[in-house]
2 protein chains.
Amino acid sequence: MAEALRIGIAGLGTVGASMVRMLQDKAAELTRQCGREIAVVGVSARERNRDRGIDLGNAQWFDDPVALARADGIDVFVELIGGEDGPALSSVKAALETGRHVVTANKALLSRHGVHLATIAEKKGVLLNYEAAVAGGIPIIKTMREAMAGNSVTRVFGIMNGTCNYILTRMEAEGISFEDCLKDAQLLGYAEADPTFDIEGHDTAHKLSILTSLAFGCRISADDIYLEGISNITQADIRAAAELGYRIKLLGVAQKTESGIEQRVHPTMVPIGSVIAQVHGVTNAVAVETDYLGELLLTGPGAGGNATASAVIGDVADIAKSRPGFQHGPVFGWPAKQLLPYRRARMRSHEGGYFIRLTVHDRAGVFAAIAKRMADNDISLESIVQHGDATEDAHKTVILVTHETTEAAVRKAVDGIVKDGHLVDKAQVIRIERAA
Amino acid sequence: MAEALRIGIAGLGTVGASMVRMLQDKAAELTRQCGREIAVVGVSARERNRDRGIDLGNAQWFDDPVALARADGIDVFVELIGGEDGPALSSVKAALETGRHVVTANKALLSRHGVHLATIAEKKGVLLNYEAAVAGGIPIIKTMREAMAGNSVTRVFGIMNGTCNYILTRMEAEGISFEDCLKDAQLLGYAEADPTFDIEGHDTAHKLSILTSLAFGCRISADDIYLEGISNITQADIRAAAELGYRIKLLGVAQKTESGIEQRVHPTMVPIGSVIAQVHGVTNAVAVETDYLGELLLTGPGAGGNATASAVIGDVADIAKSRPGFQHGPVFGWPAKQLLPYRRARMRSHEGGYFIRLTVHDRAGVFAAIAKRMADNDISLESIVQHGDATEDAHKTVILVTHETTEAAVRKAVDGIVKDGHLVDKAQVIRIERAA
């Protein structure tokens, strides 16, 4: 049998501890599958003496992850520190430059420095694997890097944040407000004390930026993502969505258009009969559309210590199976130096259907004025629903679902309606996404 | 750049022709991703002069696929002939024994001879890749072989036959009979002139047998699969399923139980709100449950020339990226010689919920007699629905949904009800499957 694959793990939080546990628990299976043992020979974390409920065996302790990354006798450096800069970045760079393979679960790091790190990895001929960085246990990186060879991707989209999907699922199931759901999610540990990063879509954006690069062979550009979170989604939206045959999900979407690449994260209406609409709670799902293969949808656990550790170990196992001389595909599907500049499509040119919910004064001519604004902007309507407002007799709710139109047209029409002075509240605009 | 990977393709039907077309159309992308060109240097098919609308370039023609498999200058032999024996088997064996990598889309061949072929491949140190053999374009083989390293699988199940799913989808959507749906599916090319192989579940069984081996590290045993097709599913079943919150799908299921491994293919009630219940038409879906990773569900195109060719090319690309000395994981996840004997769990010991539809004479005491038979066999009921029979005044329909029980108990209870003489028609029994 080949010599053991020697790994160093930096970061012993939930994922790191799960990983150490799984490596011990499944040592025999892994050795059989990989044809060699996987041995943890070094570890690093902030606090040496914390009880993590794991047995670190004979692994050498390093206070400094950079020293671990460079240590003799390490074949693979596993980065589970987190954060886009700081020790995560410096240790991953040190490992790659020293000629070590790297496995990371760090989406923020890759989103910011992925192309630079890929360039080093490819120059040094080592692997940079990151299955756990996007959608946890779902093998979307492997699928896009390896299972779609030769395919041209037209669109990739998905539910990539468990916190948001948990909140939206409970809002629909229990009829409770966003704020109450968020509080509960925090109590149950599904949302952070400061939930901004999740609920405003930043986490999804990091993940999406990585998939965009894989999908279209372009450089990662996380700053060019149109971003809207879920904090302004109300029960009125959720009820109206159901009434019209939709369900609201926070999606990250990247697609190729004539004017460039659209990257957007926003609450989205998906058809209630679609597969992705059935993805509930903290589960994640990613869909990829290509020319030859068609549409794939992968659903599974997007977070959690065991699922994430499992994805990290899958990446390590791929390295364990490889031998010197093996050329894995490039880190982002295309060689890092050949990645195209990211060409952003303007959000105003986005084409799609729209859901528009308006709360208006109940007086003559309002509806005609709204209809005129739509017609003036060449927006044709698929459905129109009008309700009395339960809380205020003098108000009415008007819900419009448009046929395919442009973001620019919708913005202009809504601006016009605002100017007409009929609205009593901010207009709610939610994009509709095709989904099988 | 490394030398071109030279492939020989045996079989130029729909998939073979799509493959040749895609290799030409996407030559530049594939070369960039693999670091070398993929060149078709030899082909073989039954009729040399048929117009397939493809350009075979300088590929050498072989009348005999075995000669192609053994030809000098071939690195990879692609078998797209089909059939479990005959030229498919002899050419794949010849290729492996000559030390060529093999890619095949042939589920029947693997289902029957997979372990034997894997043994040869592993002895010769060559790859035997077969992504396209199960669920077409869905990367379930790659996921199970590579993305779940170290995980123990508890259950794998899925919709793996597009013909059956198409028929069941249309039966539900349009309220038409099985026979009419089948006729339409045949006209549209979704079903064969002799549809037995698909509708009676044999095709699903072939695919399931391969997944079972991957899931549980056991030898392939396609003959030990409990089999029920969809030809006796009626509109009454479909309507009753909907009423009770279920949808009927033909599933292949393999799971580990205390008494061994269950492999079964049968019409199945899945919760209507589950993701897999939303998989419509010819689309396929496969779910895998493991201890660490949790549950993954992959959906996508299960057939079609382009999707299948894309999966075959993904397998070829994996070989193109590999270099001498690379040790891929074993063909079925575990080394072929270490695969365990298949230990069959008896169907009578299957545990689960059951849907039972009975058409009975409308007379006093019938319902009490049915309830007694259930109670006598310790079967507790989740729901009971009773309808008049639309076509016959003197008949009533009784639908029972049981809590978890055993196949043996249900069979005994139904036998008892038959003996009681209250049934006017055969009892319909459909198993219920948990699904997220």
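Which side chain meets B:Asp224 in a salt bridge? The partner is B:Arg344, with 3.2 Å from N to O, where a salt bridge is a side-chain nitrogen of Lys or Arg within 4 Å of a carboxyl oxygen of Asp or Glu. This is a predicted model, in which local features need pLDDT of at least 70 and side-chain atom pairs count only at pLDDT 80 or more, while totals for chains, interfaces and linings use all residues. Residues are numbered from 1 along each chain as its sequence is written, and side-chain values use heavy atoms, leaving out hydrogens and water.

- B:Asp224 lies in the loop between α10 (202-216) and β8 (226-227) of chain B and B:Arg344 in the loop between α12 (305-321) and β13 (351-361), so the pair ties together parts that are 120 residues apart in sequence; helices (H or I, at least four residues) and strands (E, at least two) are DSSP runs, numbered from the N terminus.
- B:Asp224 is partly exposed at 24% relative accessibility, and B:Arg344 is also partly exposed, at 40% (buried means under 20% relative accessible area, exposed over 50%, partly exposed in between, with a 1.4 Å probe and protein chains only).

**Bridges between buried residues**
- B:Lys142 and B:Glu146 form a salt bridge of 3.4 Å, N to O, and both residues are buried.
- Because B:Lys142 and B:Glu146 are four residues apart in helix α6 (residues 140-147) of chain B, about one helical turn separates them.
- B:Glu262 and B:Arg264, both buried, form a salt bridge whose closest N and O atoms are 2.8 Å apart.

**Network and total**
- Salt bridges link A:Lys142, A:Glu146, A:Asp318, B:Lys142, B:Glu146 and B:Asp318 in a network.
- Over all chains, the structure holds 50 salt bridges.

Notes
Chains lettered and ligands numbered in written order.
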